[in-house]
Amino acid sequence: MNTHEPLVGALWWRAGQARPHNLRSTRPDWVGRIASGLPASRLPATLGSLFSLCGHAHSLCAGMAVNAALGRDDGITRATRRSLAQQTLREHLRRIALDWPRQLAAEPAADTALDAAARWLARCPAFASAAAPGETAAWFEAELLGTAPAEWLAAWEHDPATWLAHWCEHGSGRLALLLQACRLATSSTLPKVPALQLHADAGELRGFASNLLNDRAFARQPRWRGHCAETGVWTRLNEAAPQRLNSAWLRFGARLAECVRLALPDAPARCGAHWLSLGALPLAPFEAIAWVEMARGLLLHHVQLEGSGDTARVVACHVVAPTEWNFDADGAVARVLEQLPKQPADKGLRRLSALMAAYDPCVPHQQDLPMPHEAAHA
């Protein structure tokens, strides 16, 4: 293990190695230890602070799970849906403006370019506390798309690959140019892995929760219908044809398309607050599972409580985040790693960087160097 490994853990990869030995996670499972015995009312804020990336989604998911376990039927308000849409849009825009120039460009982005991107991002109405209706969509048209957001989205839905190619070739904005420049390196078809839609069926949610209770390792190596699965913006319940989005390049397009959806008003079907799925399912007295479609994919929280009302405390809490699915040792990323040379040249490293950007882990990733005894026998 690298002695400089961050406190939150890391993903360690080895190109050219066979599964399951080419990808491992050292992300610690703190949730159970931290949450056990905690007052249930404090769980949402605690998990929102623990998971600094997408903390809003963790806080929301934990709150729904606790309420469902206590038999509270609070329902999901329009304000809750709008808040999730707004926070998810902000997370997407941060990744696009600040991370993609480093991850997708052929040459490292200069500090001045990243500073300009940060200033550009700060001007987006999505980050304002009280943007006027339609202001964010208008900013998208002027600063990002070069065309009306609803028209852009309609063309994407009709034929994602053809429209994204056309938009990149004819667009002059920074994002269109960036995606055009990385197109060749990111257009390879990805290994086929089931698109995770566990939250579409109450019976499957019950079975999944049972596995979490009976297998301590299950939260770190989750399975759906006996197999690993993948999750992201391309696997939403409202996504009509996730199988079309089968390359890293198209998944970058899918993230942009989701930004457009979330920036549009709620009135069009499958836009605004109507796009992302969230909910909770009571499983037994004082037990429930909740889900939120967040920026990186599907988030699941399972809780068991004891006591009632303000005296309720956490007996057990399990969190299964998108990183656990997408960076499984038998998943799509591990399968791509098998195909790369053991010492990737610039082209291979660029493909790997783009792959990581497409699946978007919530922890850093690094090359896993051989241990001394392995190097001696190489």
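Q: Axes are lines fitted to C-alpha atoms, for helices over the stretch in contact, and angles run from 0 to 180 degrees between N-to-C directions. With that in mind, at what angle do helix 7 and helix 12 pack?
A: The model is predicted. In it, helix 7 covers residues 149-158 and helix 12 covers residues 248-263. Their axes lie 10 Å apart, and the packing angle is about 140 degrees.

Q: Is helix 7 roughly antiparallel or oblique to helix 12?
A: Helix 7 and helix 12 pack at about 140 degrees. Roughly antiparallel requires an angle over 145 degrees, and roughly perpendicular covers 65 to 115. The angle therefore makes the relation of helix 7 to helix 12 oblique.

Q: Which residues of helix 15 make the contact with helix 12?
A: Helix 15 is residues 346-359, and its axis comes within 9 Å of that of helix 12, crossing at roughly 35 degrees. On the helix 12 side the contact is made by Ala 248, Arg 251 and Phe 252. On the helix 15 side it is made by Ala 354, Ala 357, Ala 358 and Tyr 359.

Q: Is the crossing of helix 12 and helix 15 left-handed or right-handed?
A: Helix 7 passes helix 12 in a left-handed crossing. For helix 12 and helix 15, the crossing is left-handed.

Q: Is helix 2 roughly parallel or roughly antiparallel to helix 3?
A: Helix 2 (residues 43-50) packs against helix 3 (residues 55-69) with the axes 7 Å apart and an angle of about 155 degrees. An angle over 145 degrees counts as roughly antiparallel. Helix 2 is therefore, relative to helix 3, roughly antiparallel.

Q: How many residues of the contact of helix 2 with helix 3 are polar?
A: From helix 2 come Leu 43, Pro 44, Ala 45, Leu 47 and Gly 48. Helix 3 supplies Gly 55, His 58, Ser 59, Ala 62, Gly 63 and Val 66. The contact of helix 2 with helix 3 has 6 nonpolar residues and no charged ones, and its polar residues number 5.

Q: Is Ala 97 buried or exposed?
A: Ala 97 is found in helix 4, residues 78-104. Not counting residues up to four places away in sequence, Ala 97 touches Ala 117, Trp 120 and Leu 121. Its relative accessible area is 5%, and buried means under 20%. Ala 97 is therefore buried.

Q: Which residues does Gln 103 touch, not counting those up to four places away in sequence?
A: Gln 103 lies in helix 4. Gln 86 is 17 residues from Gln 103 in sequence, and their C-alpha atoms are 24 Å apart. With residues up to four places away left out, Gln 103 touches Ser 353, Ala 354 and Ala 357.

Q: Is Arg 225 buried or exposed?
A: Arg 225 lies in the loop between helix 11 (202-214) and helix 12. Although not a glycine, Arg 225 has a positive phi of about 55 degrees. Its relative accessibility is 59%, and the cut-off for exposed is over 50%. Arg 225 therefore counts as exposed.

Q: What is the phi of Phe 286?
A: Phe 286 sits in the loop between strand 3 (278-284) and strand 4 (287-294). At 32% relative accessibility, Phe 286 counts as partly exposed. Phe 286 is not a glycine, yet its phi is positive, at about 70 degrees.

Q: Is the peptide bond from Arg 19 to Pro 20 cis or trans?
A: Pro 20 is found in the loop between strand 1 (11-13) and strand 2 (23-25). With omega near 0 degrees, the peptide bond from Arg 19 to Pro 20 is cis.

Q: What is the radius of gyration of the chain?
A: The chain has 16 helices and 7 strands. The globule rule gives 21 Å for 378 residues, and the chain is close to that value, so it is as compact as a globular protein of that length. The radius of gyration of the chain is 21 Å.

Definitions and conventions:
Residues numbered from 1 in each chain as written. Predicted model: local features only at pLDDT ≥ 70, side-chain atom pairs only at ≥ 80, totals over all residues. Heavy atoms only, no water. Helix = DSSP H or I, 4+ residues; strand = E, 2+ residues; numbered from the N terminus. Parallel < 35°, antiparallel > 145°, perpendicular 65-115°, else oblique. Left-handed = near helix turned anticlockwise from the far one by under 90°. Rg over C-alpha atoms; globule rule 2.2 N^0.38 Å. Contact = heavy atoms within 4.5 Å. Nonpolar A, V, L, I, M, F, W, Y, C, P; charged D, E, K, R; others polar. Buried < 20%, exposed > 50% of the residue type's maximum accessible area, 1.4 Å probe, protein only.
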